[in-house]
Amino acid sequence: MGLDMYLTGDKFHAGGVINKATGEYEPVEPTYVDGFKLSSERLELGYWRKNAPLHTLIVNRFANGKDDCQPIDLGETQLRLIATILRSKGLPTDEQCGGFFFGNEEWWAECRKNADEDAKVFEAAADWLASDDAKFWNSVEYQASW
């Protein structure tokens, strides 16, 4: 048991696109999996274990402090803000973190040492979210399980 943290992306398939050259709508051929139309793909963008400082940051900033293991939608600006906070060593203090299964101060010190690598994950997710592929639209969510 413990705090498992997931950053996932959903890549939704569009039924059609606007041709930039002609301005005309063009349908996109659907993809089928096991005989069913594929409407989206779920991607694992990031995973952390018992990184209570990062979890506390996301819950406090983007879920009004409500920690019910609910999905938290994150946009490009929010993802880049998280990356900036990670790089500037602005994570919540140990005193602000907690939870029965969330680890301890020694573990969190190790998590903080990885902040630059974690920032890269959030930057990559923001870049992916901002990508301009007319056949898809993307969304990103964070969700913890404990």
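This is a predicted model: local features need pLDDT of at least 70, side-chain atom pairs count only at pLDDT 80 or more; totals for chains, interfaces and linings use all residues.
**Entry 1: strands, to begin with**

Two strands count as paired if DSSP finds at least two bridges between them.

I started with β1 and β8. They pair in the antiparallel sense over ten bridges. I looked up two positions along this pairing: T8 stands opposite E141 in β8, and K11 stands opposite N138 in β8.

Next I asked which strand is joined to β1 by nine bridges. I found strand β6, residues 40–49, running antiparallel to β1. Here D4 stands opposite R49 in β6.

Is β1 enclosed or open to the outside? I find that seven of its ten residues are buried, so β1 is largely enclosed by the rest of the structure.

I then went back to β8 and looked up its pairing with β7. Strand β7 covers residues 72–74 and pairs with β8 in the antiparallel sense over three bridges. For I72, I note Y142 as the bridge partner in β8.

**Entry 2: aromatic pairs**

I searched the whole structure for aromatic pairs and got four. One of them is F12 with W137, and I write it down as stacked: 5.8 Å centre to centre, with 20° between the planes. The pair links distant parts of the chain, as F12 sits in strand β1 (residues 4–13) and W137 in strand β8 (residues 136–145), 125 residues apart.

How accessible are the two residues? F12 has 26% relative accessibility, so I count F12 as partly exposed. W137 has 49%, and I count W137 as partly exposed too. The cut-off for exposed is over 50%, which is why W137 at 49% stays in the partly exposed class.

I also looked at F102 and W146. Their ring centres are 6.0 Å apart and their planes are at 65°, so I call this pair edge-to-face. It links distant parts of the chain as well: F102 is in the loop between α2 (76–87) and α3 (105–113), W146 is in the segment after β8, and 44 residues separate them. I noted F102 as buried, with a relative accessible area of 5%. W146 is partly exposed, at 45% relative accessibility.

**Entry 3: cysteines**

How many disulfides does the structure hold? I find zero. For C69, the nearest cysteine sulfur is that of C97, 16 Å away. For C97, the nearest is that of C111, 9.4 Å away.

C69 is partly exposed, with 22% relative accessibility. C97 is buried, with a relative accessible area of 11%.

D34 lies in the loop between β4 (32–33) and β5 (36–37). Is D34 buried or exposed? I have D34 down as exposed, with a relative accessible area of 72%.

Methods: Residues are numbered from 1 along each chain as its sequence is written. Side-chain values use heavy atoms; hydrogens and water are left out. Rings of Phe, Tyr and Trp (its six-membered ring) pair if their centres lie within 6.5 Å; planes under 30 degrees apart count as stacked, over 60 as edge-to-face and the rest as tilted. Helices (H or I, at least four residues) and strands (E, at least two) are DSSP runs, numbered from the N terminus. Buried means under 20% relative accessible area, exposed over 50%, partly exposed in between (1.4 Å probe, protein chains only). A disulfide is a pair of cysteine sulfur atoms within 2.5 Å.
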